[in-house]
Amino acid sequence: MSIDVSVFNMVMFASEALFLITVVACSYMFELDDVQTARLSQTINAISLLGSFYFGWKTLPKVPASHTLPIDPSTGKQQSLLSHGFFQIWKTAQKINTEYSKGLRWFLVATVFAEAAAEAFAIVAVVYMDEELGMTTVQIGTFFLIGIFSLIPGTFLSDVITARTNPNTSWKLSMLSLQATAVIGALLLHNENVFPGGYIWAVFVGLNLGWFYPAEVRIRCAKSFF
């Protein structure tokens with residue numbers, strides 16, 4: 001399982017790096033401003049997602065339905081897939097709340113906040129580097145490129161710490177480390193020391209995010225935790 005998680009994260013991070021390299025290279029070659037770079041990145045993103053979705057959908061195996069939709073007593077007809085889907089989600093939520101109240105319930109609550117914080121970090125960092133540090137689009141792209149490459153050793157760091165502790169403890173420590181990295185960077189960085197200070201900060205941000213995501217995946221795979 002450890003090898004599978006590491007390989008999965010490396011493929012994901014490599015794809016992100018390729019996308020970022022493409023956007024930064026185009027922005028530099030064509031001398032695009034912030035708005036034009038944002039439009040370019042969203043265009044590439046939309047095209048790649050549509051193509052990936054099409055091929056992914058085509059390669060999915062054809063599996064026959066394992067259940068038939070229940071009959072709606074009010075109409076005497078089968079329930080629609082949409083309404084029955086929401087009903088099943090509600091039943092699952094109720095079961096988690098009653099039967100898995102000490103493990104799975106709190107893990108899902110923690111995931112909601114932890115994922116939101118990790119995803120929001122990139123958005124806030126862009127605004128901070130642009131407005132407070134005065135970095136250009138290419139420089140910000142380089143920051144994230146360094147961060148993405150730092151994700152790879154971060155996954156190995158996650159393997160080591162998780163092996164010496166457990167997935168739950170490793171995930172908690174990764175969140176604390178990421179918070180400390182964000183606060184230290186915000187306090188120490190300013191216009192005069194953004195180079196190379198900003199890029200050094202990118203390394204530590206990448207290491208922490210590379211530690212965070214595999215640790216979270218391993219908790220999902222640890223059935224004994226729930």
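Helix α5 (residues 137–164) supplies the largest share of a nonpolar surface patch, 3 residues. Helices are DSSP runs of H or I of at least four residues, numbered from the N terminus. The model is predicted: local features need pLDDT of at least 70, side-chain atom pairs count only at pLDDT 80 or more, and totals for chains, interfaces and linings use all residues. Residues are numbered from 1 along each chain as its sequence is written, and side-chain values use heavy atoms, with hydrogens and water left out.

The patch consists of I21, F149, I152 and F156 and covers about 350 Å². Patch members have over 30% relative accessible area and no salt bridge; nonpolar side chains (Val, Leu, Ile, Met, Phe, Trp, Tyr) are joined within 5 Å, like charges within 9 Å. Areas were computed by the Shrake-Rupley method with a 1.4 Å probe, and for residues only the protein chains shown count as cover. I21 belongs to helix α1 (residues 2–29). Its relative accessible area is 38%, so I21 is partly exposed. Here buried means under 20% relative accessible area, exposed over 50%, and partly exposed in between (1.4 Å probe, protein chains only).

Aromatic contacts were examined next. A pair of rings is described by the distance of the centres and the angle of the planes. Rings of Phe, Tyr and Trp (its six-membered ring) pair if their centres lie within 6.5 Å; planes under 30 degrees apart are stacked, over 60 edge-to-face, and the rest tilted. The count is 10 aromatic pairs. F53 and W57 form a tilted pair, 5.7 Å centre to centre with 35° between the planes. Both residues lie in helix α2 (residues 34–59), 4 residues apart, about one turn of the helix. F53 has 57% relative accessibility and therefore counts as exposed. W57, at 56%, also counts as exposed.

F143 and W201 form another tilted pair, with 5.6 Å between centres and 50° between planes. This pair links distant parts of the chain: F143 is in helix α5 and W201 in helix α7 (residues 194–221), 58 residues apart. Both F143 and W201 are buried. Ring pairs join F143 and W201 with F121, Y128 and F144 in a cluster.

The largest pocket holds about 1,100 Å³ of space. It is lined by 36 residues, of which F19, L20, A122, V126 and F144 are the closest to its centre. Helices α1, α2, α4 (104–132), α5 and α7 each give two or more residues to the lining. On a 1 Å grid over the protein atoms alone, a pocket is an open set of points with protein on both sides within 12 Å along at least five of seven lines; lining residues have an atom within 4 Å of a point. Grid points are joined across faces, edges and corners, and the volume is the space filled by probe spheres set on the points.

Side chains of opposite charge can pair when their charged atoms come close. The whole structure contains 1 salt bridge, defined as a side-chain nitrogen of Lys or Arg within 4 Å of a carboxyl oxygen of Asp or Glu. D159 pairs with R218, and their closest N and O atoms are 2.3 Å apart. The bridge links distant parts of the chain, from D159 in helix α5 to R218 in helix α7, 59 residues apart. Both D159 and R218 are buried.

Two backbone features complete the description. The peptide bond from F195 to P196 is cis, with omega near 5°. P196 sits in helix α7. E31, a residue other than glycine, has a positive phi near 55°. E31 is placed in the loop between α1 and α2. Its relative accessibility is 68%, so E31 counts as exposed.

How values were computed. 1 Å grid on protein atoms, 1.4 Å probe; cavity = no way out; pocket = protein on both sides within 12 Å on 5 of 7 lines; lining within 4 Å.
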